[in-house]
Amino acid sequence: MVEAATKKQQTRQRLLNAASQSFRRNGYAGVGVDGIAKEAGATSGAFYAHFGSKDGAFDAALNAGLDEVIEGIPAFQSEHGKKWIEAFTDYYLGQPHREDLAGGCAMTTLSPEVARAGLDVHAVYEKKMKKIVDLIATGLARGDEENRRARAWALLSILIGGLTLARAVKTRKASDEVAASVRSAALNAAGFVAGGASGKR
């Protein structure tokens, strides 16, 4: 029984990983159930048994993707201390992340899909994004809670939009130029001061 349950969990995780990568790489309309199942090395029947529908798989992929961010931000804060915003921004706009569409951050790749989804998906997305904003805001110096939350929203908006633009241009030179410009705007929005703590003067 335990072995069967473990195998079932492993199959679900493979399907979830395949769905997450497929939705990020191809968009919701660009991939089908059979394609996701094939990539996971599973059957379409197994897909429906675990997620019920393509919408169910998208919901699971969205939750998992945003949870990665929720877990990742405290890790950046713990590892990099007062310069965590700079480290996070450099990672987010760095070339490896720009080129990793399938494995990149769900905030950038799945937000456009959420915008076209139903209100239930919007509600889940909003709840998770507010948690991400709260985590970022707690890591910002200077300002009251409202001010720090406003700067956190601004930082996220700049990074998400900037990464989208950096991925959309044709040449590496243009992508680098976009990333460099967005980096400065993101750090400024967050209140980061070079050589010091974020927001401290």
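Predicted model: local features only at pLDDT ≥ 70, side-chain atom pairs only at ≥ 80, totals over all residues.

Biologist: What makes arginine 183 partly exposed?

Modeller: Buried would need under 20% and exposed over 50%. Arginine 183 has 26%, so it counts as partly exposed. Aspartate 90 comes out at 35%, so it is partly exposed by the rule too.

Biologist: Why is the pair of arginine 183 and aspartate 90 called a salt bridge?

Modeller: The rule asks for a side-chain nitrogen of Lys or Arg within 4 Å of a carboxyl oxygen of Asp or Glu. Here the closest N and O atoms are 2.5 Å apart, so the pair qualifies. Arginine 183 sits in helix α10 and aspartate 90 in helix α5, so the bridge ties together parts that are 93 residues apart in sequence. Glu86 belongs to the picture as well: Glu86, Asp90 and Arg183 are linked in a network of salt bridges.

Biologist: How do you know how α5 and α10 run relative to each other?

Modeller: Helix α5 (residues 84-93) and helix α10 (residues 172-190) pack at about 150 degrees, with their axes 10 Å apart. Angles over 145 count as roughly antiparallel, so that is the label for α5 and α10. Their crossing is right-handed. On the α5 side the contact is made by Ile85, Glu86, Thr89, Asp90 and Leu93, and on the α10 side by Ala179, Val182, Arg183, Ala186, Leu187 and Ala190. Sorted by class, that is seven nonpolar, one polar and three charged residues.

Biologist: And what makes α7 roughly perpendicular to α9?

Modeller: Helix α7 (residues 106-115) and helix α9 (residues 145-168) pack at about 85 degrees, with axes 9 Å apart. The perpendicular range is 65 to 115, so α7 is roughly perpendicular to α9. Met107, Thr108 and Thr109 in α7 meet Leu156, Ile160, Leu163, Thr164 and Arg167 in α9. The classes there are four nonpolar, three polar and one charged.

Biologist: Back to salt bridges. How many are there by this rule?

Modeller: The count comes to ten. One of them joins arginine 25 and glutamate 39, with the closest N and O atoms 3.2 Å apart. Arginine 25 lies in helix α1 and glutamate 39 in helix α2 (residues 33-40), so this pair ties together parts 14 residues apart in sequence.

Biologist: Are arginine 25 and glutamate 39 buried, exposed or partly exposed?

Modeller: Arginine 25 has 35% relative accessibility, so it counts as partly exposed. Glutamate 39 has a relative accessible area of 38%, so it is partly exposed.

Biologist: What about the salt bridge of arginine 116 with glutamate 113: why does each residue get the label it has?

Modeller: The closest N and O atoms of arginine 116 and glutamate 113 are 3.2 Å apart, and the limit is 4 Å, so the bridge holds by the rule. Arginine 116 has 63% relative accessibility, over the 50% line, so it is exposed. Glutamate 113 has 13%, under 20%, so it counts as buried.

Biologist: Last one: how do you know whether threonine 11 is buried or exposed?

Modeller: Its relative accessibility is 14%, and the cut-off for buried is under 20%, so threonine 11 counts as buried. Threonine 11 lies in helix α1 (residues 2-26). Leaving aside residues up to four places away in sequence, threonine 11 touches Ala42, Ala46 and His50.

Note on methods:
Residues numbered from 1 in each chain as written. Heavy atoms only, no water. Helix = DSSP H or I, 4+ residues; strand = E, 2+ residues; numbered from the N terminus. Buried < 20%, exposed > 50% of the residue type's maximum accessible area, 1.4 Å probe, protein only. Contact = heavy atoms within 4.5 Å. Axes fitted to C-alpha atoms, helices over the stretch in contact; angles between N-to-C directions. Parallel < 35°, antiparallel > 145°, perpendicular 65-115°, else oblique. Left-handed = near helix turned anticlockwise from the far one by under 90°. Nonpolar A, V, L, I, M, F, W, Y, C, P; charged D, E, K, R; others polar.
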